[in-house]
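Please read it alongside the sequence and the model.

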Amino acid sequence: MKINISKAASFVAAGAIEALEPQVKAAQEALEQGTCPGNDFLGWLHLPSSITPEFIAEINETAKVLKENCEAVVVAGIGGSYLGARMVIDALSNSFGWLQPSDAPRILFAGNNIGEDYLSELIGYLKGVKFGVINISKSGTTTETAITFRLLKKMCEDQRGKEEAKKVIVAITDAKKGAARTTADKEGYKSFIIPNNVGGRFSVLTPVGLLPIAVAGFDIAALVKGAADMEAQCDVNAPLANNPAAVYAATRNAIYQSGKKIEIMANYQPKLHNLGEWWKQLYGESEGKDGKGIFPASVDLTTDLHSMGQWIQDGERTIFETVISVEKPNTTLEVPSDAENLDGLNFLAGKRIDEVNKMAELGTQLAHVDGGVPNIHISIEKLDEYNIGQLIYFFEKGCGISGLILGVNPFDQPGVEAYKKNMFALLGKPGYEAESAAIQERLK
Ligand code: PA5
């Protein structure tokens, strides 16, 4: 993985990025020594290098049971309890999954919304399919996931009988607390623990991400190896210029301090759409607090050049762009020649589709820079487990450093509770009587 900030540095005062080096250093040391705000959630920091082959084998063993017994596996989880797995699986899968012969079950995601049609249609689809469930919730009480699991558990038991259903329902939750733990222990499900000191959005390299990714048929050992190599590269003692996470954190903070408040992650591969979704949660939930924080947005290019491209090129100049570029596609396809050339495309005949894409990328970068949009360029060699593992740790470490430079606790999310309190009050959850009365007054 490489990071190039040359087209971003020119937008801030000379030396502004380097001037943040002491803060970057202090942030890294605070993470390392556990002296920063949120220091009870630093389990992700050295997670990749601490994952043992035995642990990988245990996850793969459980994945094998699901693979052998299920045509589809529903991953029930929301936020940090599903976005990482979804991002990795999408990045590595065939774009049209149904065309790909594979021994892996189809992976479906649910428990991340409360759409009645979504759940009805899921249930309709599963009626004719042998399915299993991975129920993921650190708190074990998240409403979206809990409602979905209630529906799926009953359906799975009706389909297979209670005893058989137990073989294909796996819980990933807290060691002791929460309804998901109580249910797993009482029903005797295979379960994995989400470590106390790893927050949801930093949990993709725990069983939260690793089990669904393994069930989908991908090499989780290579994913972890990529992350571990990046962990070593982003070591606290590495000089700033050699530490990609530190460079990223310093650059985006220097740009933010210069007045640009929105960071747009752009990819040029449809498979990376959910990298943007995962990254938005990681940075949005970590930094958007205390009235501060870069707003993380994302676009899929070149697709969105035909929608958001106008805004990026000419709208309010409060944005900067972080581009994820994949150097080599995994396949080869050329633009064919055409004797009649009715579409006038023969100037492209014989060129790789990826060459066209790369020229679109370069042309867009030049145009956006001309339009006043600083550009951070991140490239990986190809879409595989190792490279995605590198990106995961790079962004996690960058987030920890960046949030501390910003002066917030990057590891809490107090703002997420506000909607839950109102929703529970409106739905009459026991214990919310006072809030319910106050809300009824406001709604009069
Ligand atoms: O990052 C976070 O902590 C959150 O996004 C959680 O992952 C999300 O709210 C789901 O929580 P839980 O795993 O407790 O169901």
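Which residues are the closest of those that surround the ligand? They are S81, S137, K138, T142 and Q281, out of 13 residues that surround the ligand; a residue is near a molecule if one of its heavy atoms lies within 4 Å of it.

This is a predicted model, in which local features need pLDDT of at least 70 and side-chain atom pairs count only at pLDDT 80 or more, whereas totals for chains, interfaces and linings use all residues. Residues are numbered from 1 along each chain as its sequence is written, and side-chain values use heavy atoms, with hydrogens and water left out.

1. The side chain of Q281 places an N or O atom 2.5 Å from an oxygen atom of the ligand. For the side chain of S139, the corresponding distance to a ligand oxygen atom is 2.7 Å. K138 contributes a backbone N or O atom, which lies 2.7 Å from an oxygen atom of the ligand. Of the 380 Å² of accessible area that the ligand has on its own, the protein covers 88% (Shrake-Rupley method, 1.4 Å probe; for residues, only the protein chains shown count as cover).

2. Composition of the shell. The residues around the ligand comprise 9 polar, 3 charged and 1 nonpolar. In this division Ala, Val, Leu, Ile, Met, Phe, Trp, Tyr, Cys and Pro count as nonpolar, Asp, Glu, Lys and Arg as charged, and the others, Gly among them, as polar.

3. Aromatic pairs. The whole structure holds 14 aromatic pairs (rings of Phe, Tyr and Trp, the last by its six-membered ring, with centres within 6.5 Å; planes under 30 degrees apart are stacked, over 60 edge-to-face and the rest tilted). W279 and Y283 make a tilted pair, with 5.8 Å from centre to centre and 35° between the planes. These two residues are separated by about one helical turn because they stand 4 residues apart in helix 13 (residues 273–287). Helices (H or I, at least four residues) and strands (E, at least two) are DSSP runs, numbered from the N terminus.

4. Setting of the pair. Are W279 and Y283 buried or exposed? W279 is buried, at 0% relative accessibility, and Y283 is buried, at 0% as well (buried means under 20% relative accessible area, exposed over 50%, partly exposed in between; 1.4 Å probe, protein chains only). Both belong to one aromatic cluster, formed by Y248, W278, W279, Y283, F394 and F395.

5. Charges over rings. A charge sits over a ring if NZ of Lys or CZ of Arg is within 6 Å of the ring centre and within 35 degrees of the ring normal. The charged end of K261 lies over the ring of Y256, 4.5 Å from its centre. K190 has its charged end over the ring of F192, at 4.8 Å from the ring centre.

6. Backbone geometry. Most residues other than glycine have a negative phi, and most peptide bonds are trans.

- The peptide bond from L301 to T302 is cis, with omega near 10°; T302 belongs to the loop between strand 8 (295–300) and helix 14 (309–314).
- D290, which is not a glycine, has a positive phi of about 55°. This residue occupies the loop between helix 13 and strand 8 and is exposed, with a relative accessible area of 60%.
- N341, likewise a residue other than glycine, has a positive phi near 50°. N341 lies in the loop between strand 9 (319–326) and helix 15 (353–370), where it is partly exposed at 29% relative accessible area.

7. A buried loop asparagine. N243 is part of the loop between helix 11 (220–233) and helix 12 (244–257). At 0% relative accessibility, this residue is buried. A polar atom of the N243 side chain is 3.4 Å from the backbone oxygen of C234.

Conventions. Polar contact = N/O pair within 3.5 Å; in protein donor to acceptor, adjacent residues only side chain to side chain.
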